[in-house]
Amino acid sequence: MDAKTQKAELTRAAIVGAALDLAAAEGLESITLQAVADRVGLSKSGVFSRAGSREALQKAVIEEFGRRFLADVFVPAMQQPKGLPRLNDIVRRWIARTRDVEAFTGCIYTAGAFELDDREGELRDLLHSEITRWRAALRRTVVQAIDAGHLPAGTPPDQLVGEIYSMIMGLLHDVRFLRDPQAVPRTEASWARLLKSYANDTPAPAR
């Protein structure tokens with residue numbers, strides 16, 4: 001990569017980062033080329049030449065949030081053995097990220113879902129795809145824990161994924177809105193209790 005190309009890529013990364021900060025604070029619809037230009041010290045046309053249209057920049061923000069999220073929560077957990085060790089690491093990293101990042105910046109997945117829930121279009125479709133892909137990865141990890149014998153054979157993966165997701169959304173509410181200092185330890189206790197409940201139960205529904 002030559003110096004000019006490298007500079008252009010760094011500038012685009014700064015643009016997307018600024019747009020992500022704006023979306024986290026004010027929502028995806030707050031992203032405009034002018035608002036982002038003001039944040040990074042470029043002209044509106046300069047932002048457009050590097051990031052494209054407003055919708056292209058909104059899409060880039062969703063993709064960048066997903067990349068950062070997976071880098072913090074999912075990718076490091078792949079170093080753990082398949083099954084419950086990996087699932088447990090994912091959830092604990094998710095709790096930690098919610099405490100250390102989303103508690104201060106908000107969550108594009110959660111806030112964006114409420115913002116776009118009744119708006120049809122490519123932006124909603126992309127966010128839906130990103131969230132669905134993450135839930136599918138989480139489900140695969142649950143299935144691996146079942147296959148490894150770490151969870152009972154009758155464990156319903158979709159039910160457990162839904163309960164994990166609801167637990168994290170509750171954590172986000174409590175740490176960000178209520179600013180409850182006990183939210184994290186309470187969520188960690190909930191996760192331990194949830195795992196214990198599945199270990200002691202063998203529900204009938206199959207995968």
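Thr155 is placed in the loop between helix H7 (122-147) and helix H8 (157-177), where helices are DSSP runs of H or I with at least four residues, numbered from the N terminus. The model is a predicted one, in which local features need pLDDT of at least 70 and side-chain atom pairs count only at pLDDT 80 or more, while totals for chains, interfaces and linings use all residues. Residues are numbered from 1 along each chain as its sequence is written, and side-chain values use heavy atoms, with hydrogens and water left out.

With a relative accessibility of 0%, Thr155 counts as buried, a term that stands for under 20% relative accessible area with a 1.4 Å probe and protein chains only. A polar atom of the Thr155 side chain lies 2.8 Å from the backbone oxygen of Pro152.

**Aromatic residues**

The structure holds eight aromatic pairs, a pair being two rings of Phe, Tyr or Trp (its six-membered ring) with centres within 6.5 Å, called edge-to-face if the planes are over 60 degrees apart. Two of the pairs involve Phe69, as the table shows.

| Pair | Distance of centres | Angle of planes | Kind |
|---|---|---|---|
| Phe69 and Trp94 | 5.8 Å | 80° | edge-to-face |
| Phe69 and Trp134 | 5.0 Å | 80° | edge-to-face |

**The largest pocket**

The largest pocket has a volume of about 160 Å³, the space filled by probe spheres set on its grid points, which are joined across faces, edges and corners. On a 1 Å grid over the protein atoms alone, a pocket is an open set of points where a 1.4 Å probe fits, with protein on both sides within 12 Å along at least five of seven lines, and lining residues have an atom within 4 Å of a point. Among the lining residues are Phe65, Arg68, Arg97 and Asp21, and helix H1 (3-26), H4 and H5 each supply at least two residues of the lining.

Definitions and conventions:
Buried means under 20% relative accessible area, exposed over 50%, partly exposed in between (1.4 Å probe, protein chains only). A polar contact is a pair of N or O atoms within 3.5 Å; within protein, one must be able to donate a hydrogen and the other to accept it, and residues adjacent in sequence count only if both atoms are side-chain atoms. Rings of Phe, Tyr and Trp (its six-membered ring) pair if their centres lie within 6.5 Å; planes under 30 degrees apart count as stacked, over 60 as edge-to-face and the rest as tilted.
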